[in-house]
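Me: I am new to reading protein models, and I would like to go through one slowly, feature by feature. Could we look at it together?

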Amino acid sequence: LAALAAAFDSCGGEAALGSLRLANMMQLMHPYSVDLYADDIWAHAKTIVLRVLGGKGYWGYGVEQAAAVAKRTGARLFVLPGDAKPDAELSAESTVSDEQLKTLADYFNQGGTDNLREALRFLADGDALPPQPLIEAGVYQAQTRSRPEHTPLRPELDSGPRGSGHDVRDIGTGPLTEGLESPGPGSGPG
């Protein structure tokens, strides 16, 4: 949800795309909260998008209420699984074509900021670039930085926990770190 909000802002927000309301399903678990959301938000929407992890059985009442609102108001309804596996039961609740549903699912499944931005454009007016695949794997190059010499946050910890005689400054050495591969001389802390 945070990534969608950021993509919305980067597209120009409400001025460029119209309004956007995002809600976590966990906030809509009680039927009364779903009813309120349906009346206050979905009833005024042109498009409703639901991503349901766990299938219709997990959030059946919410899916049914969204479908009822879409039928009553004529809103476009996209009901997608929350993962990359197609779900025929969820898809059947949608009011859009299979092609539109697949396109939106592809934006989410491919992920990334650019795809989310294009998904929002697709929902707003259909004028969007197609979903772009992201690489599935890569090599992470960790950035290293130096740290200052040991400076205790609380001086009483220098002698170890409650006078145990253990010096907490030595916590970075010993059996837990002996098997770690060193990135090379001068590239790590101290």
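Reply: Let us start with a term that we shall need several times: a residue is called buried when its relative accessible area is under 20%, exposed when it is over 50%, and partly exposed in between. Please keep in mind throughout that this is a predicted model.

Me: With those cut-offs, is Pro86 buried or exposed?

Reply: Pro86 has a relative accessibility of 80%, and because the cut-off for exposed is over 50%, Pro86 counts as exposed. Pro86 is found in the loop between β2 and α5, and its C-alpha lies 10.0 Å from that of Gly55, although the two are 31 residues apart in sequence.

Me: What does the whole chain look like in terms of helices and strands?

Reply: The secondary structure of the protein comes to seven helices and two strands, and along the sequence these follow the pattern α-α-α-β-α-β-α-α-α. Of the 190 residues in the protein, 27% are buried. Among the contacts with a separation of 6 or more, 49% are between residues 24 or more positions apart.

Me: Since the model is predicted, where is confidence lowest and where is it highest among the named elements?

Reply: The score to read is pLDDT, the predictor's confidence in each residue, from 0 to 100. The protein averages a pLDDT of 81, and 73% of the residues score at least 70. Confidence is lowest in α2, with a mean of 78, and highest in helix α4, residues 60-73, with a mean of 97. Over residues 165-180 the pLDDT stays under 50, and for this stretch the model has 12 contacts beyond four places in sequence.

Me: How many residues does helix α6 have, and what span should they give?

Reply: Helix α6 covers residues 98-110, and at 1.5 Å a residue its 13 residues should span 18 Å, which agrees with the 18 Å between its end C-alpha atoms. In α7 (113-125), the 13 residues should likewise span 18 Å, and the end C-alpha atoms are 19 Å apart, which agrees. A glycine follows each helix: just after α6, Gly111 takes a positive phi of about 70°, and just after α7, Gly126 takes a positive phi of about 80°.

Me: Which residues of α6 are buried, and what do they pack against?

Reply: The buried residues of α6 are Leu101, Thr103, Leu104, Ala105, Tyr107 and Phe108, and they pack against α1, β1, β2, α5 and α7. In α7, the buried residues include Leu116, Leu120 and Phe122 along with the charged Arg117 and Glu118, and what covers the buried residues of α7 includes α1, α2, β1, β2 and α6.

Me: What is the general idea behind pairs of charged side chains, and how many salt bridges are found here?

Reply: Side chains of opposite charge can pair when their charged atoms come close. A search of the whole structure finds five salt bridges, one of them between Lys102 and Asp106, whose closest N and O atoms are 2.8 Å apart. Being four residues apart in helix α6, Lys102 and Asp106 are separated by about one helical turn. An α-helix has 3.6 residues a turn, so residues three or four places apart point the same way. Another salt bridge joins Glu118 and Arg121, with the closest N and O atoms 2.6 Å apart, and these two residues are three residues apart in helix α7, again about one helical turn. Within this pair, Glu118 is buried at 10% relative accessible area, whereas Arg121 is partly exposed at 27%.

Me: What distance separates the closest N and O atoms of Lys85 and Asp83?

Reply: The distance is 3.9 Å, and because a salt bridge needs a side-chain nitrogen of Lys or Arg within 4 Å of a carboxyl oxygen of Asp or Glu, this pair still counts. Lys85 is exposed, at 59%, while Asp83, at 29%, counts as partly exposed.

Me: Is Lys56 buried or exposed, and which residues does Lys56 touch?

Reply: Lys56, which lies in the loop between β1 and α4, has a relative accessible area of 14% and is therefore buried. Leaving aside residues up to four places away in sequence, Lys56 touches Val63, Glu64, Glu89, Leu90 and Glu93.

Me: Which residues make the nonpolar surface patch?

Reply: Met26, Met29 and Tyr58 make this patch, which has an area of about 310 Å². Met29 lies in the loop between α2 and α3 and is partly exposed, with a relative accessible area of 37%.

Terms used:
Residues numbered from 1 in each chain as written. Heavy atoms only, no water. Patch = residues over 30% accessible without salt bridge, like charges linked within 9 Å, V, L, I, M, F, W, Y side chains within 5 Å. Areas by Shrake-Rupley, 256 points an atom, 1.4 Å probe, with all protein chains shown as cover. Buried < 20%, exposed > 50% of the residue type's maximum accessible area, 1.4 Å probe, protein only. Contact = heavy atoms within 4.5 Å. Expected span 1.5 Å × (residues − 1).
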